[in-house]
Amino acid sequence: MAAASSSSSNNGSQERHEVFLSFRGDDTRKTFTSHLHAAFKRFDIRTYIDYNLERGDEISGTLLRAIEDAKLSVIVFSKNFASSRWCLEEVKKIIECKKTRGQMVLPIFYDVDPSIVRYQTGSFATAFARHEERYRDSDNRPSKKIQKWRDALSEVATFSGWDCSVDRLESEMVEEIAMDVLNKLNRVYVGDLDKEIARYDQLSKHQLQYFQGSPHPLHYQNYKDTLNLIRKLQMERQQRLLRIPPNMYSQADDLNKNNTNIDNNIYNMWSNVFRF
């Protein structure tokens, strides 16, 4: 199964996505894939994902264009993945885009061994046997597209990806996969710091108002401590964006110490005004 933008509705006004998420709906829609999609949202990764259950016999042009437009495709392989013709068509298209557009591909093997995907054994062999019965050419031979599906699966299973069969908490794994995708997109997440900065900025404003209404050394110190914390968070934000090692910010720390003297002068001014 495939995809609709994580950041917009299906009304045609979707924000341009970065990632295409391919998965077998019946296997992982309400479990792993939903958790992974939620992690992508937290990291502000724009994802094309479709929870629509209505499928025709042919893969839609909209879906094919969505794959073409993505910078990276994530494929969640599961036991019944190969039973879906749509999923197989998506993988074939993804491999084409990797070759023609340089698209990045990240396979995830959820409750299925990578070797089963690569060699189409186990549940994948059962699924392909059914496809070969259904799709046959004029000579009553299996359709050539079936071999293309096999070739695409064999190739994508050799790519570096994630094996979810290891004994790990799923919540930890989806967070690591989301971070891996973010790094592959050459992006840095600072949303958590932005939220913290905004929260402490609001606090500092309230503290300043409280100090102005009730001047006291402790009130001013609380306000000053909050400003210092905001400065540190802002430096950490820039450090992430610029990918600068922490030791490069030693000079900024010295600057903060100088700012302390300035803050003390401001406090002395206020104390003279209110005479406390």
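Predicted model: local features only at pLDDT ≥ 70, side-chain atom pairs only at ≥ 80, totals over all residues.
The protein chain comprises 276 residues, of which 41% count as buried. Its secondary structure consists of 11 helices and 6 strands.

The average pLDDT is 83, and 77% of the residues score at least 70. Strand β4, residues 72–77, has the highest mean confidence, at 98, whereas strand β1, residues 4–5, has the lowest, at 43.

Helix α4 spans residues 85–101 and helix α7 spans residues 144–156; their axes come within 9 Å and cross at roughly 65°. The crossing of α4 and α7 is left-handed. On the side of α4, the contact involves Arg85, Leu88, Glu89, Val91, Lys92, Ile95 and Lys99, and these meet Lys145, Lys148, Trp149, Ala152, Leu153, Glu155 and Val156 of α7. The residues of this contact divide into 7 nonpolar and 7 charged, with no polar residue.

Alanine 127 belongs to helix α6, which covers residues 123–134. With a relative accessibility of 5%, alanine 127 falls under the 20% limit and therefore counts as buried. When neighbours within four places in sequence are left aside, alanine 127 is in contact with Ala82 and Ser83. A separation of 9.8 Å is found between the C-alpha atoms of alanine 127 and lysine 79, which are 48 residues apart along the chain.

Two residues of helix α9, which runs over residues 191–213, were also considered; one of them is lysine 205. Its relative accessibility is 44%, so lysine 205 counts as partly exposed. Lysine 205 and tyrosine 223 stand 18 residues apart in sequence, and the distance between them in space is 8.3 Å, C-alpha to C-alpha. Aspartate 194 likewise lies in helix α9. Aspartate 194 counts as partly exposed because its relative accessibility is 31%. Its C-alpha atom is 7.9 Å from that of arginine 237, a residue 43 positions away in sequence.

Most residues other than glycine have a negative phi. Aspartate 44, although not a glycine, has a positive phi of about 60°. Aspartate 44 is placed in the loop between α2 (32–42) and β3 (47–49). A relative accessibility of 43% is the reason why aspartate 44 counts as partly exposed. Aspartate 111 is not a glycine either, and its phi is positive, at about 60°. Aspartate 111 occupies the loop that lies between β5 (104–109) and α5 (114–119). The relative accessible area of aspartate 111 is 48%, and this residue is therefore partly exposed.

Notes: Residues numbered from 1 in each chain as written. Heavy atoms only, no water. Axes fitted to C-alpha atoms, helices over the stretch in contact; angles between N-to-C directions. Helix = DSSP H or I, 4+ residues; strand = E, 2+ residues; numbered from the N terminus. Left-handed = near helix turned anticlockwise from the far one by under 90°. Contact = heavy atoms within 4.5 Å. Nonpolar A, V, L, I, M, F, W, Y, C, P; charged D, E, K, R; others polar. pLDDT = per-residue confidence, 0-100. Buried < 20%, exposed > 50% of the residue type's maximum accessible area, 1.4 Å probe, protein only.
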